[in-house]
Amino acid sequence: MPKTKPHAGRNRSRAFPIAGETADMIGHWDWDAATDRVRVDAFAARLFTVDPAEAEAGLPLAFYDGITHPDDRERVIGLIRRSAAEGSPYIAEYRVISIDGRTHWVLARGRIFGDHTGRPAGGRGILVDVTRLRASEGLSDEVTPGARETPLDRAVEHAIAAQDAIVAAGDPVLKAQADALLMALGRRLAQRHMVEQRRRLN
């Protein structure tokens, strides 16, 4: 599948701040396998330095593969493929390269769903910019990914589903509350991940 070319830097930089100016962002993504379109919210669009309008309309999955740091790309793709094959969640920490050339660390928690034949039908998940958190923890670039189902993971999935339904309902007050819940869950997910990493290093 051909990769989508990055957009012109001047257009992207006008649309929103550089990723480094919006640290600790939390967003979510949704992938429709039938159309091969990944839709991300405004927070994730900033993190990946994608034009918000195009991010909302959806871009091919290969586009986001191309933004992933080359040293992390195959590992992340492998985790996603395993999630698709097993119907299990995945957790991946990886680097993305922003429009300004700086590297940002992303913690992604997602799940790929299959249809009745077992083929991937789509997926969704949450993204957290953990760049500053990693720096404050003094963690190395070595990553040991893990995936398991916990009450926190289930809460993230339900919060994403609730947010989608609230957006469809068009209630701005509930949308703000759903956003706040998802942000709180994302921060808790990142904190848990950092605790687990410290434990593995000790």
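**Thr103 touches Arg95, Val96 and Thr131, not counting residues up to four places away in sequence.** Contact here means heavy atoms within 4.5 Å. You're looking at a predicted model, in which local features need pLDDT of at least 70 and side-chain atom pairs count only at 80 or more, while totals for chains, interfaces and linings use all residues. Residues are numbered from 1 along each chain as its sequence is written, and side-chain values use heavy atoms, without hydrogens or water. Thr103 sits in strand S4; helices (H or I, at least four residues) and strands (E, at least two) are DSSP runs, numbered from the N terminus. Thr68 is 35 residues away from Thr103 in sequence, yet their C-alpha atoms are 9.8 Å apart.

With a relative accessible area of 5%, His193 is buried. Which residues does His193 contact, leaving aside neighbours within four places in sequence? They are Ile91, Glu93 and Leu107. Take Ile91: it lies 102 residues from His193 along the chain, but their C-alpha atoms are separated by 9.2 Å.

For Asp36, phi is near 50 degrees, even though the residue isn't glycine. Find Asp36 in the loop between S1 and S2. Asp36 counts as buried because its relative accessibility is 16%. Thr49, also not a glycine, has a positive phi of about 50 degrees. Look for Thr49 in the loop between H2 and H3. Thr49 counts as buried too, at 1% relative accessibility.

**The largest cavity holds about 250 Å³ of space.** Its lining has 16 residues, and Leu61, Tyr64, Ile80, Tyr90 and Tyr94 are the closest to its centre. Six elements come up, each giving two or more residues to the lining: strands S1 (26-32), S2 (37-40), S3 (89-97) and S4 (103-114), plus helices H4 (61-67) and H5 (70-86). H4 has the largest share of the lining, three residues. Sorted by class, the lining has 14 nonpolar residues, one polar and one charged. In this sorting, Ala, Val, Leu, Ile, Met, Phe, Trp, Tyr, Cys and Pro are nonpolar, Asp, Glu, Lys and Arg are charged, and the others, Gly among them, are polar. A search of the whole structure turns up one cavity of 30 Å³ or more.

**The largest pocket holds about 460 Å³ of space.** Of its 20 lining residues, His28, Val40, Asp41, Ala42 and Glu56 are the closest to the centre. Elements giving two or more residues to this lining are S1, S2, H2, helix H3 (52-57), helix H7 (151-169) and H8. S1 gives the most, five residues. The class count for the pocket is ten nonpolar, three polar and seven charged residues. On a 1 Å grid over the protein atoms alone, a cavity is a set of points where a 1.4 Å probe fits but can't get out; a pocket is an open set with protein on both sides within 12 Å along at least five of seven lines; lining residues have an atom within 4 Å of a point. Points are joined across faces, edges and corners, and a volume is the space filled by probe spheres set on them.

**The largest nonpolar core has 25 residues.** Such a core is a set of buried Ala, Val, Leu, Ile, Met, Phe, Trp, Tyr and Cys residues joined through side-chain atoms within 4.5 Å. Which members touch the most other members? Those are Trp29, Val40, Phe48, Val50, Tyr64, Tyr94 and Leu127. At least two residues of this core come from each of S1, S2, helix H2 (42-47), H4, H5, S3 and S4. S3 gives the most, four residues. There's also a second, separate core of 16 residues, including Leu107, Ile160, Leu185 and Ala190.

pLDDT is the predictor's confidence in each residue, from 0 to 100. It stays under 50 over residues 1-23, where the model has 46 contacts beyond four places in sequence. Residues 139-146 also stay under 50, with 19 such contacts. For the protein, the mean is 76, and 77% of its residues reach 70 or more.

Notes:
Buried means under 20% relative accessible area, exposed over 50%, partly exposed in between (1.4 Å probe, protein chains only).
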